[in-house]
Amino acid sequence: MAEKRVVNDLAVLGGSPVFPEMLHVGRPNIGNRERFLERVNDILDRRWLTNNGRYVREFESRIAAQVGVRHCIAVCNATIALEITVRALGLSGEVIVPSFTFVATAHALQWQQITPVFCDIDPATHNIDPGKVEELITPKTTGIVGVHTWGRPCAVGELARIAERRNLRLLFDAAHAFGCTHQGRRIGVFGSAEVFSFHATKFLNAFEGGAVLTDDDDLAARIRLMKNFGFAGYDNVIYIGTNGKMSEVSAAMGLSALESMEDIVAVNRRNYGRYRAELSGIPGITLAAYDESERCNYQYIVLEVDESCPLPDRDLLVRVLHAENVFARRYFHPGCHRMEPYRSCSPRAGVPLPNTERLTRRVLSLPTGTAIGEEEIRRICGIIRFAVDHGAEIGGRFP
Ligand SMILES: Cc1ncc(COP(=O)(O)O)c(C=O)c1O
C-alpha cells in the first residue's frame with residue numbers, strides 16, 4: 001500500500017489499509033520448532049501426556065534454577081495459579097490490588113470470595129502506588145497483590161515493608177515479568193510467592209501455562225496438593241484441590257521457548273529501539289521506557305497519548321490503526337474498578353482512582369515480538385506520525 005499523502009488515504013476514511021492482514025499484539029513467539037516437535041514425538045511415543053510428567057518436571061526445575069528459588073510449581077495457567085496461591089496463602093476478607101491490571105488478578109481473588117480492594121497507580125510506573133496502599137488497609141485486609149505491569153517491577157521493597165509492618169501477606173502477579181530483574185535479582189524471588197503466565201501471548205509461551213515460584217516449603221507443598229485434587233500419593237487425598245496441572249505438550253513448548261529466550265529478548269529489544277527511534281518527536285506520544293540497567297523482556301510496546309497530541313484522543317488513534325489492520329490494544333481499559341462486578345458491588349464502588357482512569361484513557365499497546373520486523377514497525381509508526389500530523393483535520397471528520 002502506498003504512503004498516506006492526504007487524510008482520505010487513511011483506511012478509516014475509505015483508503016486502503018497499509019497491511020493486508022491484521023497485525024496482532026502478542027502474536028506468539030514460537031521458539032525452536034524442531035526441538036518442540038522432537039519432544040512432542042517423545043511424549044506421544046511414551047504416552048505420558050499429563051500428570052507431572054518428565055517435561056513438566058524438567059520445565060519446573062529449569063525455571064527454579066534460572067530464577068534462583070527453591071520451588072517452581074507449573075500450573076495450567078496464571079489465573080488458576082493465582083487462585084491456588086491465594087487460597088494456599090490463607091488469604092480472606094480483603095486484598096489490595098491495583099485496578100490497572102488484567103482482570104484475572106481481581107477475578108482470582110473474587111473467585112475465592114475475597115474482595116479485591118483497588119488501589120491507584122503511580123502514573124510514572126503504571127504500577128501500584130505504595131503510598132496509597134496503607135489508607136486502604138482495614139481490619140479485614142489480609143494481603144497485597146503487586147503486579148509487575150509490562151514486566152516493569154512494581155515497588156517491591158516498599159510493598160514488602162508495608163506488608164511486614166501491617167502483618168499482611170505479599171503476593172506478586174508476575175504474569176508479564178518472566179526474564180526481568182529488580183535491582184539485579186530475578187522477578188520470581190520476591191514476596192511470599194510470585195506467579196508467571198506462559199499464555200501464548202506472553203514472553204515465554206507454553207500455549208497456556210503458569211507457574212508459582214516460592215522459597216516457602218510449606219506453601220509449595222500446599223500448592224502442589226491443591227493443583228492435583230489434593231492427592232498426596234497414588235490414591236490418597238488429604239486436602240481439597242482442583243485441577244491445575246500443566247500438560248506435557250505445554251511443558252515441551254515452554255522448554256523450547258526457554259531455550260530460545262535470549263533470541264526472543266534480542267528481537268523484542270531491537271523492536272523497542274526501533275519504535276523509540278521512529279516515534280521520537282511525535283507530539284503527545286510517549287513510549288513507556290524500560291530500565292536498561294535491569295534485565296527486561298521488552299514484551300510490551302506501550303504508548304501514552306496525552307493532551308498535547310493534536311489528535312482529539314487515544315480512541316481515535318486506535319480507530320485509525322485498526323482500520324490499517326494494526327490491532328492496537330487499549331490494555332487495561334477501563335480499569336478493573338470500572339468493570340463488573342466490581343463497578344457495582346465492591347465496597348469502594350464508585351470511588352475514583354484518578355491516575356488509573358487517566359492512564360486507561362491514554363494508553364495503547366502495539367505489536368512486537370518475532371512476528372514483526374523493521375519494515376512493519378516503520379509503517380506502523382508512519383501511520384501514527386501521519387495521524388498525529390493531521391490530527392486536527394482527522395478530528396474534524398470524527399466530531
Ligand atoms: C497481569 C496479568 N495477570 C494474570 C493474567 C492471567 O494469565 P493467564 O492467561 O495465564 O491465566 C494475565 C494474562 O494476560 C495478565 O496480563
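A residue is called buried when its relative accessible area is under 20%, exposed when over 50%, and partly exposed in between, using a 1.4 Å probe and protein chains only. The model is predicted, so local features need pLDDT of at least 70 and side-chain atom pairs count only at pLDDT 80 or more, while totals for chains, interfaces and linings use all residues. Residues are numbered from 1 along each chain as its sequence is written, and side-chain values use heavy atoms, with hydrogens and water left out.

**Exercise 1.** Decide whether Glu83 is buried or exposed, and find which residues it contacts beyond its neighbours within four places in sequence.

*Solution.* Begin with the location: Glu83 lies in helix H3, residues 78–88, where a helix is a DSSP run of H or I with at least four residues, numbered from the N terminus. Its relative accessibility is 12%, and therefore Glu83 counts as buried. Contact means heavy atoms within 4.5 Å, and, with those neighbours left aside, Glu83 touches Ala108, Trp111 and Gln112. For Trp111, the separation from Glu83 is 28 residues in sequence, yet 7.4 Å from C-alpha to C-alpha.

**Exercise 2.** Determine how enclosed helix H7 is, and which helices its buried residues pack against.

*Solution.* Start with the count: 10 of the 12 residues of H7 are buried, so this helix is largely enclosed by the rest of the structure. Among these buried residues are Met253, Gly254 and Leu255. As for the partners, the buried residues of H7 pack against helix H1 (33–46), helix H2 (54–67) and helix H8 (261–279).

Key: Helix = DSSP H or I, 4+ residues; strand = E, 2+ residues; numbered from the N terminus.
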